[in-house]
Amino acid sequence: MGTRLDIAGQASTSDATRPILSVSDINLSFGGVKALQGVGFEVRPTEIFSMIGPNGAGKTSMLNVISGFYKPSSGSILFEGLDRTHLSPSAVARLGFARTFQNIALFKGMSTLDNIMSGRLLKMKGNVLTDAIYLGPAKTEELKHREYVEHIIDFLEIQSIRKTPVGRLPYGLQKRVELGRALAMEPKVLLLDEPMAGMNLEEKEDMARFVLDVNEEWGTTIILIEHDMGVVMDISNYVVVLDHGQKISEGPPNRVQNDPVVIRAYLGESE
Amino acid sequence: MSDLNTFPKLLLDRAQRFADKPAIREKNFGVWQTWTWSDVEKEVRALACGLVARGFKRGDKLAIIGDNRPRLYWGMAAAQAIGGIPVPAYQDSVAEEMHYVLEHAEARFVLAEDQEQVDKILEIKDRCPLLQEIIFCDSRGLRRYDQTHLYDFEDVQNKGREFEREHADFFIEEVNKGKGDDIAIILYTSGTTGKPKGVMLTHDNILITARNSIEREGLRQDEEVLAYLPMAWVGDHIFSFGQSYVAGFCVSCPESAATVMHDLREIGPTYFFAPPAIFENILTTVMIRMEDAGWLKRKMFHFLMDVARRAGNKILDGRSVPLSDRLLYALGKVLVYGPLKNTMGFSRIRLGYTAGEAIGPEIFDFYRSLGINIKQLYGQTEAAVFITIQPDGEVKADTVGTPAPGVEVKISDDGEVVYRSPGVFHSYYKNPEATSDTKTADGWVHTGDAGFFDTDGHLKIIDRSKDVGKLNDGSIFAPKYIENKLKFFPQIREAVVFGNQRDYVAAFINIDLEAVGNWAERRNIAYASYQELASHKEVYDLVQGYVEKVNRDLSSDTKLAASQIRRFLILHKELDADDGELTRTRKVRRRIVADKYQRLISALYSDQDRCDIETEVTFEDGRKGSIKAQVEIRGLEYLEPLAKAS
């Protein structure tokens with residue numbers, strides 16, 4: 001039978017307690033709006049790390065800073081011990097970051113298979129000439145990538161929609177395809193921006209299982225933004241809470257859950 | 001040949017004779033992966049030895065739970081090879097149902113497909129004291145589980161290979177200990193009434209039945225079969241395991257339950273089984289897609305389908321057909337039937353079976369008219385499937401054919417079908433009372449179905465025997481049989497017939513609002529509600545036409561001629577689960593309907609031609625209201641029984 005993907009070791013550093021990603025003192029403003037003010041945290045390899053907070057707390061902004069879409073006005077990002085603060089999104093992607101979006105960003109007219117194949121783009125080595133005539137190395141390479149993609153399709157249980165144009169799929173499945181495309185990049189760190197938003201309970205449970213399985217099978221570090229508290233508390237190893245651009249609490253789920261500061265941020269003052 | 005009396009022995013022989021021929025296939029990672037008979041033997045051998053190394057003993061049960069997967073089929077042969085008994089369980093059953101089967105079967109080992117199944121087993125493990133080891137095929141999601149008593153399939157096989165290096169002849173010796181009358185498998189019947197019963201079948205039961213049926217249908221080593229029905233169901237066990245081992249043909253396992261239709265097209269089976277509902281679904285999908293086609297294509301399709309309806313069945317049965325139709329049919333083959341069969345994945349079908357319940361004659365004829373040889377069979381778990389099969393060339397939509405080879409069938413004095421055959425089960429596991437209730441000392445089995453043989457010697461199943469009553473003149477009355485006949489017309493949604501201990505048969509009809517509504521619109525018949533449509537004279541005429549057709553059908557059967565519907569009415573409201581008239585699965589609650597519409601029933605058995613009634617209804621939001629109506633009752637001529645026009 002086919003080989004199992006086994007790149008679990010690749011993503012984790014030798015010392016599991018050393019952070020894979022250190023974010024410190026990030027400031028980001030849009031005009032007069034201070035989106036992030038002095039936010040810092042550390043993400044450890046192979047953990048599921050969640051960012052939560054009320055609407056407008058700065059979660060997506062933080063994710064965009066990490067993935068290089070936004071340039072912070074100050075602060076630093078260390079990835080595997082090296083300074084990665086000022087890289088372009090594509091350079092960040094090459095480092096081993098992949099993400100999914102709050103609003104699905106797939107090629108609607110293309111099939112599931114092609115969408116996920118597009119995630120392999122950074123891994124392809126061919127040039128325009130050999131690719132155009134599809135001979136020798138180009139063919140071998142295509143087959144290699146196709147095999148990898150098939151493992152992802154199998155993993156996400158989307159065999160039945162392999163050839164279906166993504167635009168025709170229900171929302172929950174589109175989210176899954178988007179996760180597939182991110183996985184195709186063989187990321188060390190997976191950034192998921194509200195992967196369960198707008199899903200029904202069953203779809204949420206499915207997605208939570210896939211996130212856990214990705215983490216377990218591949219040892220991928222996962223940074224998750226999610227509104228559904230039940231899901232966050234269930235699957236995260238560590239939680240950071242943002243409010244009005246500031247970090248107000250952090251720690252393991254059970255501690256954060258009972259932190260009065262957090263409860264106040266979500267429910268308002270009790271007086 | 002005669003010493004190949006168990007499946008493991010057969011496997012060793014197949015691994016020699018068909019070494020390089022494909023035995024089983026599975027689509028994985030988008031590619032069909034194939035194992036030859038010699039590969040299968042190695043896999044089974046490694047698994048069997050691995051089980052022994054993990055403590056599996058002769059007589060132990062191996063529960064098998066999952067979708068159709070090669071590894072699970074190998075589990076069956078592996079357990080048998082070392083003197084164990086495989087017990088497949090329905091993969092979609094919830095933990096509670098699984099608990100009953102695993103505990104009752106006293107399974108010590110479980111072979112499970114994946115995390116989903118393992119979770120269910122772990123949930124009930126505490127309540128199954130004998131259950132010890134769980135082997136899983138797909139490790140996905142299971143790494144963080146407590147690994148005591150939880151084993152990866154491949155690790156078990158590796159252990160088995162090690163074991164074999166030290167005990168070289170062990171496997172062969174174990175296989176040779178097997179005898180034909182050993183229990184080969186325990187299959188739990190789904191049990192619509194009461195708890196499931198574990199049907200024990202011997203190697204002889206399955207081998208002889210498989211051989212007989214292969215011979216009868218001329219099945220060959222090069223058949224292609226898609227294994228997609230539950231492994232715990234006797235049909236799959238015979239078609240995908242028993243017959244495959246005996247005939248040596250290859251079985252393909254779909255990629256997932258959701259891809260079956262797609263995989264069906266890729267494999268293009270030559271031998272196929274499906275319950276009526278699946279044939280119906282495929283047909284509906286095709287018809288809906290056809291309606292989206294351009295008008296020219298649609299015209300061509302309908303014209304050529306008419307030709308097929310006229311000539312196709314006859315051509316398939318080898319009867320005479322006018323030359324013009326023969327030519328048109330040939331044209332149709334190129335333009336419509338061929339492409340259509342290709343779309344459905346039926347291009348190569350030489351033999352298809354349907355069973356389980358009555359198939360609508362229109363659906364049945366549709367496939368046959370395209371030249372797809374589907375036939376009905378009648379069978380049971382207790383019979384290792386085959387009781388009767390429709391013989392080629394003598395296929396009739398309303399019978400289930402003649403006794404299968406080696407099977408004796410007779411009708412008991414009270415109208416029940418009983419049979420005796422080499423396939424008759426050993427006994428129910430740990431249930432001697434049920435065994436003696438079902439199987440007589442000299443091997444006759446009670447089916448619980450009422451039926452009779454028609455003049456050509458074909459068996460007709462009419463109903464469950466407990467539902468069959470008698471008319472006052474003593475002739476049999478089979479309500480479901482008549483209701484089914486009525487419901488085969490798409491315009492009739494529901495029918496309830498009365499007649500037990502009455503002078504004649506009378507019927508309530510519910511029209512299908514959508515089908516009849518469409519029909520009415522095309523005829524400019526105005527209506528504002530179901531009630532108005534149902535009471536319309538022309539609708540009554542339409543329904544009367546169908547009832548007459550059913551009567552004509554019944555009159556051709558001397559035994560059923562007395563069951564002709566003499567009076568009928570169209571109900572003023574739809575029978576509804578909200579009003580308690582139907583179950584949630586849309587089965588009529590006869591007693592409640594009889595109580596509620598007592599007035600109408602009395603009217604049916606009087607000479608009134610109208611009846612006033614007021615009925616309480618429950619709206620979807622739970623409020624109650626009532627409808628008043630005057631319902632018309634129509635009488636019909638009795639048709640004298642006639643000899644079948646053949």
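Tutor: One definition will be needed: two residues are in contact if their C-beta atoms, placed from the backbone, lie within 7 Å. Please also bear in mind that this is a predicted model.

Student: Which residues are buried in helix 5 of chain B?
Tutor: In helix 5, residues 115-125 of chain B, the buried residues are Gln117(B), Val118(B), Lys120(B) and Ile121(B). Viewed down the axis of helix 5 of chain B, they fall within an arc of 160°, so they line one face of the helix.

Student: And what covers them?
Tutor: The cover includes strand 3 (61-65), helix 4 (95-105), strand 5 (109-112) and strand 6 (133-136) of chain B.

Student: Another topic: at what angle do helix 2 and helix 6 of chain B cross?
Tutor: The axes of helix 2 (residues 37-53) and helix 6 (residues 153-166) of chain B cross at roughly 85° and come within 7 Å. Helix 2 of chain B is therefore roughly perpendicular to helix 6 of chain B.

Student: What kinds of residues make that contact?
Tutor: The residues of this contact divide into nine nonpolar, three polar and three charged.

Student: How is chain B divided into domains?
Tutor: Chain B has domain 1 (7-257), domain 2 (271-423 + 452-464) and domain 3 (468-635). The C-alpha centres of domain 1 and domain 3 of chain B are 48 Å apart.

Student: Lastly, where is Lys487(B)?
Tutor: Lys487(B) is in helix 16 (residues 479-487) of chain B. Lys487(B) has 18 other C-beta atoms within 10 Å, so it is partly exposed. Leaving aside residues up to four places away in sequence, Lys487(B) touches Ile492(B) and Ala495(B).

How values were computed:
Residues numbered from 1 in each chain as written. Chains lettered and ligands numbered in written order. Predicted model: local features only at pLDDT ≥ 70, side-chain atom pairs only at ≥ 80, totals over all residues. Axes fitted to C-alpha atoms, helices over the stretch in contact; angles between N-to-C directions. Helix = DSSP H or I, 4+ residues; strand = E, 2+ residues; numbered from the N terminus. Parallel < 35°, antiparallel > 145°, perpendicular 65-115°, else oblique. Nonpolar A, V, L, I, M, F, W, Y, C, P; charged D, E, K, R; others polar. Buried ≥ 20, exposed ≤ 12 C-beta atoms within 10 Å, placed from the backbone. Arc of directions from axis to C-beta. Domains from an automatic or database assignment.
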